[in-house]
Amino acid sequence: MTTGLVWDERFMWHDTGTRFGPIGGLDWMEPMEPPESAPGKRRIKNLLDASGLSRSLVMLAPAPAGDADLLRVHTQAHLDHVRRVSEAGGGNVARRFATTRVGADGEGIARLAAGAGIAAVDAVLAGTVDNAYCLHRPPGHHAEPDEAMGFCIYSNAAIAGSYALDAAGPARIAFVDWDAHHGNGTQAAFWHDPRALTISLHQDCAFPPDSGAVGEIGEGEGAGTNINIPLPPGSGEGAYLAAFERVVLPALTAFRPDMIFVPSGFDSGGHDPLARMMLTSESFRRMTELLMAAADDLCGGRIIMLHEGGYAPHIVPFMALAVFEALSGEKTDVADPFLPALAGSPWQALQPHQDRAIAAAEEAGLAALLAR
């Protein structure tokens with residue numbers, strides 16, 4: 001396999017400031033670096049380099065997304081709002097839940113991140129690479145058409161998917177979002193679009209607190225093409241692999257996409273401060289292998305991963321490395337020092353209440369897709 005890495009040092013220059021917290025709740029909160037910051041992402045690139053795996057990757061250079069690319073997903077009002085805040089010296093661009101900062105003149109970095117997926121689509125469709133990973137920030141899957149949310153300014157994965165559908169050739173695409181938080185922005189972008197299957201596995205009611213229920217299946221022509229798998233806090237590898245076997249893979253087989261996008265958040269791994277899930281580096285390797293096998297059967301192996309969350313900088317690089325090893329077929333000598341303790345927990349096995357949650361997703365989202 002030939003794997004592309006979309007990387008630009010400027011991604012690490014995205015300025016999230018020092019004022020992290022709920023809107024209107026910062027009066028007594030000492031300034032701090034937000035969890036979404038450069039070190040955790042740069043440590044992934046550093047481990048790829050130190051392990052030697054970078055030498056096996058094809059480096060892909062992104063270009064900033066233009067207005068036409070962004071407007072496939074976002075409103076003009078949203079673009080204007082982000083630009084005004086950026087040009088005025090930077091600040092919060094979110095309207096709900098929590099601060100989402102863009103730095104002074106930082107809107108260009110957000111556009112560069114949105115352009116990463118477009119570069120990956122072009123490279124995969126041209127056959128330059130078989131699959132690709134976009135290691136960018138800011139992340140994107142919470143950004144809705146008319147607002148920034150979480151740490152997300154533009155909906156990177158949805159923009160890449162819309163570009164693929166409208167400009168690059170694929171007739172049908174699918175998203176499998178394994179970030180611990182609901183992929184509400186991707187869901188919103190394709191809510192009425194029958195050309196896109198959107199699947200989100202996430203911690204139930206983590207963020208946003210009002211989205212991601214099993215009953216959210218899309219509307220109009222898109223009814224039945226949105227599947228949510230809200231898992232209980234504490235879910236580990238057993239729950240995720242069961243969800244893949246019983247919901248994700250059958251849904252992909254039924255929908256038969258021409259390309260698969262993966263909003264790849266490692267906050268569903270153990271140790272993360274913003275979620276309470278238990279996946280290990282080997283869990284992410286296994287999920288990648290399952291998606292690669294499905295992609296081989298369905299769409300010529302075309303998979304594009306776009307980086308989302310993951311806020312435990314000591315462990316996330318090992319999780320990301322496992323994904324890169326699976327994508328590229330290259331095994332390094334790196335051993336994850338956190339794997340034995342995390343994988344050894346008896347709670348990694350599928351639990352009865354997790355089984356019931358997966359059954360609910362089968363009965364709602366998967367059933368609606370199969371009934372189309």
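**Talking through a predicted model**

Trainee: How far from a polar atom of the side chain of His74 does the backbone nitrogen of Ser155 lie?
Mentor: Good place to start, and keep in mind that this is a predicted model. A polar contact needs a pair of N or O atoms within 3.5 Å. The backbone nitrogen of Ser155 and the polar side-chain atom of His74 meet that cut-off, at 2.9 Å.

Trainee: Which residue has the backbone oxygen that the side chain of His74 reaches at 3.0 Å?
Mentor: Begin with where His74 sits: in the loop between α2 and α3 (76-87). Among the residues His74 touches are Ala143, Glu144 and Pro145. The backbone oxygen that the side chain of His74 reaches at 3.0 Å belongs to Glu144.

Trainee: Is His74 buried or exposed?
Mentor: Look at the neighbours beyond four places in sequence: His74 touches Leu79, Ala143, Glu144, Pro145, Ile153, Tyr154, Ser155 and Ile159. The cut-off for buried is under 20% relative accessible area. Because His74 has a relative accessible area of 3%, His74 counts as buried.

Trainee: What separates the C-alpha atoms of Ala160 and Ile118?
Mentor: Ala160 lies in helix α5, and it is buried because its relative accessible area is 0%. Setting aside residues up to four places away in sequence, Ala160 touches Gly117, Ile118, Val121, Phe261 and Leu306. Ala160 and Ile118 are 42 residues apart along the chain, yet their C-alpha atoms are separated by 5.0 Å.

Trainee: Phe261 is in that list of contacts. Which element gives the largest share of the largest nonpolar core?
Mentor: The largest nonpolar core has 105 residues, and Ile229, Leu252 and Phe261 have the most contacts inside it. The largest share of this core is 10 residues, and they come from α4.

Trainee: What is the volume of the largest cavity?
Mentor: The structure holds 1 cavity of 30 Å³ or more. Residues from β6, α6, β7 (196-203) and β8 (226-231) line it, with two or more from each. By class, the lining has 3 nonpolar, 8 polar and 1 charged residues. The volume is about 70 Å³.

Trainee: How many nonpolar residues are in the lining of the largest pocket?
Mentor: The largest pocket has a volume of about 290 Å³. Of its 19 lining residues, the closest to the centre are Phe20, Gly150, Phe151, Phe207 and Leu274. Alongside 6 polar and 3 charged residues, the nonpolar ones number 10.

Trainee: And how many polar residues line the second largest pocket?
Mentor: That pocket has a volume of about 160 Å³. It is lined by 14 residues, and those closest to its centre are Thr16, Arg19, Thr99, Thr100 and Arg101. Besides 3 nonpolar and 2 charged residues, the polar ones number 9.

Methods: Residues numbered from 1 in each chain as written. Predicted model: local features only at pLDDT ≥ 70, side-chain atom pairs only at ≥ 80, totals over all residues. Heavy atoms only, no water. Helix = DSSP H or I, 4+ residues; strand = E, 2+ residues; numbered from the N terminus. Buried < 20%, exposed > 50% of the residue type's maximum accessible area, 1.4 Å probe, protein only. Polar contact = N/O pair within 3.5 Å; in protein donor to acceptor, adjacent residues only side chain to side chain. Contact = heavy atoms within 4.5 Å. 1 Å grid on protein atoms, 1.4 Å probe; cavity = no way out; pocket = protein on both sides within 12 Å on 5 of 7 lines; lining within 4 Å. Points joined across faces, edges and corners; volume = space filled by probe spheres on them. Nonpolar A, V, L, I, M, F, W, Y, C, P; charged D, E, K, R; others polar. Core = buried A, V, L, I, M, F, W, Y, C linked by side-chain atoms within 4.5 Å.
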